[in-house]
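Have the viewer open and follow along.

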Amino acid sequence: MDLLKDIQQRILVLDGAMGTMLQRGLTEEQTLKAYVDAGADIITTNTFNTNSISQAALCDASEHPSAVAKAAFESAAAARRVADKAPRKVWVAGSLGPTGKSLTLASDADDPSYRQYGFDDFVECY
């Protein structure tokens, strides 16, 4: 079934807040399955903060790009597994969240013109 055709025929329901469910102790796949069982037509990957800028403080610099890519791949694969096990067609959508950094706010109070990241960094990140 084609997504555009599906959208033209009916309203599609998107899953809920992944982070909230994870904080409640469910795994990623349990969370996604719960949304499918509740009637979600589209489930999102658990990649809200999986981007190079957000993850820079959490990854070893030498492993950073591949660690972020691996996390995104694994999350997409988990969502795909859940969608494929559903008794009906369930779409998978990627989730792009914020970086936690700003292009407009100063990164250093002693140097208001300094920005830790520039526009090109954000373009590369996304």
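A residue counts as exposed when its relative accessible area is over 50%, as buried when that value is under 20%, and as partly exposed in between. Keep those cut-offs handy, and keep in mind that this is a predicted model.

## Salt bridges along the helices

Start with D37: its relative accessibility is 55%, so D37 counts as exposed. The side chain of D37 meets that of K33 in a salt bridge, at 2.8 Å from N to O. K33 has a relative accessible area of 47%, so it falls in the partly exposed class. Both residues belong to helix α3 and sit four residues apart, about one turn of the helix.

D84 is exposed because its relative accessibility is 54%, and R80 is partly exposed at 32%.

## A linked set of charges

How many salt bridges does a search of the whole structure find? The count is five. Among them is the one between R10 and D6, where the closest N and O atoms are 3.4 Å apart. R10 is partly exposed, with 37% relative accessible area, whereas D6 is buried at 2%.

## The main nonpolar core

Which residues make up the largest nonpolar core? There are twelve: M18, M21, L32, Y35, V36, A40, I43, A79, V82, A83, A86 and V90. Helices α2 (18–23), α3 (28–37) and α5 (64–85) are the elements that give two or more residues to this core. In soluble globular proteins, nonpolar side chains tend to be buried together.

Setting aside neighbours within four places in sequence, V90 is in contact with V36, A40, D41, I43, R80 and A83.

L3, L4 and I7 make a nonpolar surface patch of about 280 Å². L3 is part of helix α1, which covers residues 3–9. With 33% relative accessibility, L3 counts as partly exposed.

## One aromatic pair

The structure holds one aromatic pair. It consists of Y117 and F122, whose ring centres are 6.3 Å apart; their planes stand at 80 degrees, so the pair is edge-to-face. Both Y117 and F122 are buried.

## A buried loop residue

Is N51 buried or exposed? N51 is buried, because its relative accessibility is 5%. This residue lies in the loop between β1 (42–44) and α4 (52–55).

What is N51 in contact with, leaving aside its neighbours within four places in sequence? The list runs V68, G97, P98, T99, C125 and Y126.

Definitions and conventions. Residues numbered from 1 in each chain as written. Predicted model: local features only at pLDDT ≥ 70, side-chain atom pairs only at ≥ 80, totals over all residues. Heavy atoms only, no water. Patch = residues over 30% accessible without salt bridge, like charges linked within 9 Å, V, L, I, M, F, W, Y side chains within 5 Å. Areas by Shrake-Rupley, 256 points an atom, 1.4 Å probe, with all protein chains shown as cover. Salt bridge = Lys/Arg side-chain N within 4 Å of Asp/Glu carboxyl O. Buried < 20%, exposed > 50% of the residue type's maximum accessible area, 1.4 Å probe, protein only. Core = buried A, V, L, I, M, F, W, Y, C linked by side-chain atoms within 4.5 Å. Contact = heavy atoms within 4.5 Å. Phe/Tyr/Trp six-rings, centres within 6.5 Å; stacked < 30°, edge-to-face > 60°.
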